[in-house]
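Have a look at it first, then we'll go through some charged pairs and a sheet.

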Amino acid sequence: MANQDEFFKKVVAHAKEYGFIFPSSEIYDGLAAVYDYGQLGVELKNNIKQYWWKAMVQMHENIVGLDSAIFMHPRIWKASGHVDAFNDPLIDNKDSKKRYRADVLIEDHIAKIEEKIEKEVEKAHKRFGESFDRQQFVTTNQRVLEHQQKIDAIRARFAECMNANDLEGLKQMIIDLEIVCPISGTRNWTDVRQFNLMFATKMGSVIDDSDTLYLRPETAQGIFVNFLNVQKSGRMKVPFGIAQIGKAFRNEIVARQFIFRMREFEQMEMQFFVRPGTELEWFKHWKEERMQWHQALGIPAECYRFHDHEKLAHYANAATDIEFRFPFGFKELEGIHSRTDFDLSRHSEFSGKKLQYFDPELNESYTPYVIETSIGVDRMFLAVFSHALKEETIEDGSTRTVLSLPTRLAPYKAAVLPLVKKDGLPEKAREIQHLLMPEMMVQYDEKDAIGRRYRRQDAIGTPFCITVDNDTLSDNAVTVRHRDTMQQERVSIDNLNQYIKSRI
Ligand code: GAP
């Protein structure tokens, strides 16, 4: 765990040092859980969004895009259930005056016991070496079994409290588990109460309850309320989807782990409208398709797993998370939900407008069922960024920091580097830069020794370094150095554009 913490600190520091992510309002000491994307961060973020948009919209003739407003009619959030039920259980420590999510305190307690199991496993691994069988060890070792029993009992009680919305039960668990405030070290807790996560604001000049607006906590509702507009104007036939990328806002009680849980973040959501009765087939389809999308980036399959929900929201009849192995363990990256006809029916009821589809093949009208795929752009950023960051010892014994981003997501695809700052090499390098610029993001760098320039490009994830040397002037070719293998090959300038594009 200590190593994981250390590594995570490196991820945050690297993101800042190289212009990927800055704390928001930093010169005013920052604003909790709000971040700004710097010059390289915005490129990586845009590439992630483009990768998603292409896969979802461009590659599906029955999925179209939407860009709905952040402000929406306040009754939308009543209809969707967010006003009454988009809550987290909150608890304060009376001594430190710090606020916590009661469920997170309990989950952290479980994680500590899990750490103890991991320590036992590590110790045993060292003892038994190559012949160590993890599965056998965790199912037979007495200490591990005792820890596991504790975890199972806590989880069972925890699930009962959460399902029954039993706030007193949650507080009793915190007391019984002897959970202390990490700041004050005391167990002086308030009662647990519900806390709504939506940010409210006012519209117009009259201060009145009816003017209260909410910053949307998800982009999905903008899609539901435009269902008929898009279906009719686009002459869409069920099954079809509407995709949207946009900002969402949640007043998270405990916002932490960098950009994993933010108060202002961005979502990429797609609602897929299907015939009632076919939704579970489509759920299975989207589960597989979304996992393929992740794995097509070349990040190993073992970094992902499904976590099927046992407890379903009242409107869902199936739900799963795609979890990713973040530096702090497996956590939700994307949610895939079968949301039945709940949202369209509720908006029909609250707006008085019939949100139905006439199916010409069945010759009947119905309220379509919905499969939703929902992923946070920032969380996806953290997944690819943290997975890519590596410190390597290379052949000559020195170390290098390399950001092995998937090539298609890298902020800069190429850097053009004249070997020396004379003999006409900078001019030739500028020519190559301008040749590539209309096709891809490309950097020019002539400062410092070539080795240091390679290191700088490695650290920001540039997959191809193009070195212009004296031979270039006579053979019209350059040396292309590959970021991950550090291998070099000679490529004709005439083929350079094609050479790089075919590898992105
Ligand atoms: N429309 C469904 C929905 O919003 P969700 O599980 O609450 O479902 C979907 O959120 C995704 O949005 C999550 O899987 C995560 O990637 C991202 N997300 C949610 N809350 C976030 C936060 N506070 N900060 C960053 N990303 C968040």
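Q: Are Asp 103 and Arg 101 buried or exposed?
A: This is a predicted model, so keep that in mind throughout. The cut-off for calling a residue buried is under 20% relative accessible area. Asp 103 falls in that class, and Arg 101 does too, so the word for both is buried.

Q: What kind of contact do the side chains of Asp 103 and Arg 101 make?
A: Side chains of opposite charge can pair when their charged atoms come close. For Asp 103 and Arg 101 the N to O distance is 2.8 Å. What they form is a salt bridge.

Q: Which residue is the bridge partner of Leu 90 in strand 5?
A: Strand 4 (residues 87-92) and strand 5 run antiparallel, joined by three bridges. In strand 5, Leu 90 has as its partner Arg 101.

Q: In what order do the three strands of the open sheet come?
A: The pairing is antiparallel. Strand 5 (99-101) and strand 6 (193-196) are the edges, each pairing on one side only. That gives the order 5-4-6.

Q: How many residues apart in sequence are the parts that Asp 469 and Arg 490 tie together?
A: Their side chains meet in a salt bridge at 3.0 Å, N to O. Asp 469 sits in the loop between strand 21 (464-468) and helix 16 (470-475), while Arg 490 belongs to strand 23 (residues 488-492), so the separation is 21 residues.

Q: Is Lys 9 buried or exposed?
A: Lys 9 forms a salt bridge with Glu 6 (3.9 Å, N to O). Its relative accessible area is 54%, and the cut-off is over 50%, so Lys 9 is exposed.

Note on methods:
Residues are numbered from 1 along each chain as its sequence is written. This is a predicted model: local features need pLDDT of at least 70, side-chain atom pairs count only at pLDDT 80 or more; totals for chains, interfaces and linings use all residues. Side-chain values use heavy atoms; hydrogens and water are left out. Two strands pair if DSSP finds at least two bridges between them. Helices (H or I, at least four residues) and strands (E, at least two) are DSSP runs, numbered from the N terminus. A salt bridge is a side-chain nitrogen of Lys or Arg within 4 Å of a carboxyl oxygen of Asp or Glu. Buried means under 20% relative accessible area, exposed over 50%, partly exposed in between (1.4 Å probe, protein chains only).
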